[in-house]
Amino acid sequence: MSLVTPLNRVLGLGSAKDGIEHWWAQRLSAIALTMLGLWLVFAFIGLADLRYDTVVNWLQAPSSSILMILTLLTLGYHSQLGVQIVIEDYVHASGLKVSALILTTFVHFGIVVAGVFAVLKVALGATG
Amino acid sequence: MDRVERPLSPHLQVYRPQITSILSILHRLTGLALSVGALVLAYWLVVLATGPVAYAQAAAILSSVWLKICYAGWSFCFFYHLANGVRHLFWDVGWGFEPSQIQTSGWFVLVVASMATTVFSVSVIL
């Protein structure tokens, strides 16, 4: 007689808490970042200088704003997934591990929200 | 009952460093460094959105010599993590798993990352 419930058996996860979602999300965001990352690199190469007016003019172009927001969302997600794995692999004290996971989640949400808001503010022309 | 402090595997000290293990560790380290770099990217965008005065003040700090050295470091982290990430994606679909291919692609990734870092550092950061 098996003590495994029918639901657990059909999910096929054993003692794991979830399946391949994390692995897949990391690959999906990686594929997106190969393109978005190279876009950002070539954008920096294309900018004549990093003076305020130059950068604002560049970022106000819809193509720049849209790609920068996509980059921020994707890199924030990919970074969160990666840092999470590193913490789970190397931090073993459960209290410290959970605290580190909470902290990294907060920081990543902070980075993404701050970055996206800043791009929108510049793009919609609300700066002085 | 007292716990006996037995040695834990993997016994890293008994392994000879190999390009496979070194590059794997480097992939994690560069990823972590890039996560810190994301903070600087967000900070740069926020001061840009704050206005020209705040941007000029921040630019004085952001263009310091020490941070320029950091940008060169981050650009290597980026190009290495990108190239080695693509190497991982090829492995994920089952390509390039022969030991000789793994060695070759490993050195290829290092050469590409070093060259891209040099070009980017000279053309943008300096």
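## Chain B and its helices

Helices and strands are taken here as DSSP runs, a helix having at least four residues and a strand at least two, and both are numbered from the N terminus. By that definition, chain B of this predicted model has 4 helices and 0 strands, and from the N terminus on its elements run α-α-α-α.

Of the 126 residues in chain B, 21% count as buried. When contacts in chain B with a separation of 6 or more are considered, 77% of them are between residues 24 or more positions apart.

## Where the two chains touch

Chain A and chain B meet through 26 residues of chain A, which are in contact with 25 residues of chain B. On the side of chain A that touches chain B, at least two residues come from each of H2, helix H3 (52-60), H4 and H5, and the largest share, 8 residues, is supplied by H2(A). Sorted by class, this side of chain A has 16 nonpolar, 8 polar and 2 charged residues.

## The largest nonpolar core

The largest nonpolar core has 28 residues, and those that touch the most other members are Ala118(A), Val119(A), Val122(A), Leu45(B), Leu48(B) and Phe78(B). At least two residues of this core come from each of helix H2 (21-46), helix H4 (62-90) and helix H5 (94-123) of chain A, and likewise from each of helix H1 (19-50), helix H3 (65-92) and helix H4 (99-125) of chain B. The largest share of the core, 7 residues, is that of H1(B).

Val119(A) can be followed in more detail: once its neighbours within four places in sequence are left aside, Val119(A) is in contact with Leu59(A), Ser65(A), Met68(A) and Ile69(A), and also with Leu45(B).

## A closer look at His78(A)

His78(A) is found in helix H4 of chain A. Is His78(A) buried or exposed? A residue is buried if 20 or more other C-beta atoms lie within 10 Å of its own, and His78(A) counts as buried because it has 26 C-beta neighbours inside 10 Å.

Leaving aside neighbours within four places in sequence, His78(A) is in contact with Gln26(A), Ser29(A), Ala30(A) and Leu33(A). Asn57(A), by contrast, lies 21 residues from His78(A) along the chain, and the C-alpha atoms of these two residues are separated by 28 Å.

Methods:
Residues numbered from 1 in each chain as written. Chains lettered and ligands numbered in written order. Predicted model: local features only at pLDDT ≥ 70, side-chain atom pairs only at ≥ 80, totals over all residues. Core = buried A, V, L, I, M, F, W, Y, C linked by C-beta atoms within 7 Å. Buried ≥ 20, exposed ≤ 12 C-beta atoms within 10 Å, placed from the backbone. Contact = placed C-beta atoms within 7 Å. Nonpolar A, V, L, I, M, F, W, Y, C, P; charged D, E, K, R; others polar.
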